[in-house]
Amino acid sequence: MAANFWTSSHYKHLLDQEDVDVVNTLDKEKGITLEDFKLIKMHMANYILKLAQQVKVRQRVVATAVTYMRRVYTRKSMAEYDPRLVAPTCLYLASKAEESTVQARLLVFYIKKLYSDDKYRYEIKDILEMEMKILEALNYYLVVYHPYRSLSPLLQDAGLNDLNMTQLTW
């Protein structure tokens with residue numbers, strides 16, 4: 001892993017905002033607008049956060065999972081890959097990548113506990129199958145550079161070392 005973002009492979013694979021906020025043609029045919037697309041991604045990021053709070057993983061795992069989800073939807077459509085299954089699968093994959101492994105059965109348990117809606121009902125095999133599809137969609141590129149290590153020195157340089165500011169930036 002690179003010592004800073006500007007020399008990392010994450011930076012070399014970075015996409016422009018115009019490339020990220022593009023609605024796939026399959027999604028357009030289903031009537032999903034750019035605004036809907038952004039709202040769905042935001043909702044799924046919150047879904048990942050709620051699920052992560054239940055299984056008690058670190059913030060870094062949540063950030064990685066959200067990054068994976070956003071990367072998937074730069075290449076695949078929501079019509080192909082159901083966001084309600086992609087979100088927990090990204091959390092599962094991120095927990096492995098960040099060495100804080102969460103069992104798929106635990107995710108399934110908390111999904112059922114949090115959401116009574118049948119649209120969110122997935123089994124362990126669904127998550128494991130989607131994991132392989134997500135890995136392919138990501139081209140097996142799982143490196144994510146997080147600014148957490150750089151955050152403390154940055155705040156000190158800015159003269160903002162109080163505890164409230166640190167928690168706010170997290």
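Predicted model: local features only at pLDDT ≥ 70, side-chain atom pairs only at ≥ 80, totals over all residues.
Residues are numbered from 1 along each chain as its sequence is written, and side-chain values use heavy atoms, with hydrogens and water left out.

S95 sits in helix 6; helices (H or I, at least four residues) and strands (E, at least two) are DSSP runs, numbered from the N terminus. Its relative accessible area is 0%, so S95 is buried (buried means under 20% relative accessible area, exposed over 50%, partly exposed in between, with a 1.4 Å probe and protein chains only). Who surrounds S95? Setting aside neighbours within four places in sequence, S95 is in contact with V61, S100, T101 and V102, contact meaning heavy atoms within 4.5 Å.

Now move along to helix 7, residues 104–114, where the buried residues are A104, L107, V108, Y110 and I111. What do they pack against? The buried residues of helix 7 pack against helix 4 (34–55), helix 6 (83–97) and helix 8 (124–137).

On to the charges. Side chains of opposite charge can pair when their charged atoms come close. The structure holds 5 salt bridges, each a side-chain nitrogen of Lys or Arg within 4 Å of a carboxyl oxygen of Asp or Glu. One of them joins the side chains of E98 and R60, at 2.9 Å from N to O. E98 lies in the loop between helix 6 and helix 7 and R60 in helix 5 (residues 59–75), so this pair ties together parts that are 38 residues apart in sequence. E98 is buried at 14% relative accessible area, whereas R60 is partly exposed at 23%.

Another salt bridge joins the side chains of K96 and E131, at 2.8 Å from N to O. This pair also links distant parts of the chain, with K96 in helix 6 and E131 in helix 8, 35 residues apart. K96 is partly exposed, with a relative accessible area of 34%, while E131 counts as buried at 8%. Then there is the salt bridge between the side chains of D82 and R84, at 3.3 Å from N to O. D82 is partly exposed at 23% relative accessibility, and R84 is partly exposed at 25%.

Last, the rings. How many aromatic pairs turn up in a search of the whole structure? There are 2, where rings of Phe, Tyr and Trp (its six-membered ring) pair if their centres lie within 6.5 Å, and planes under 30 degrees apart count as stacked, over 60 as edge-to-face and the rest as tilted. Y47 and Y115 are edge-to-face, 5.1 Å centre to centre with 90° between the planes. That pair links distant parts of the chain: Y47 is in helix 4 and Y115 in the loop between helix 7 and helix 8, 68 residues apart. Y47 is buried at 1% relative accessible area, and Y115 is buried at 14%. F109 and Y110 also pair edge-to-face, at 5.1 Å centre to centre and 75° between the planes. Here F109 is partly exposed at 49% relative accessible area, whereas Y110 is buried at 16%.
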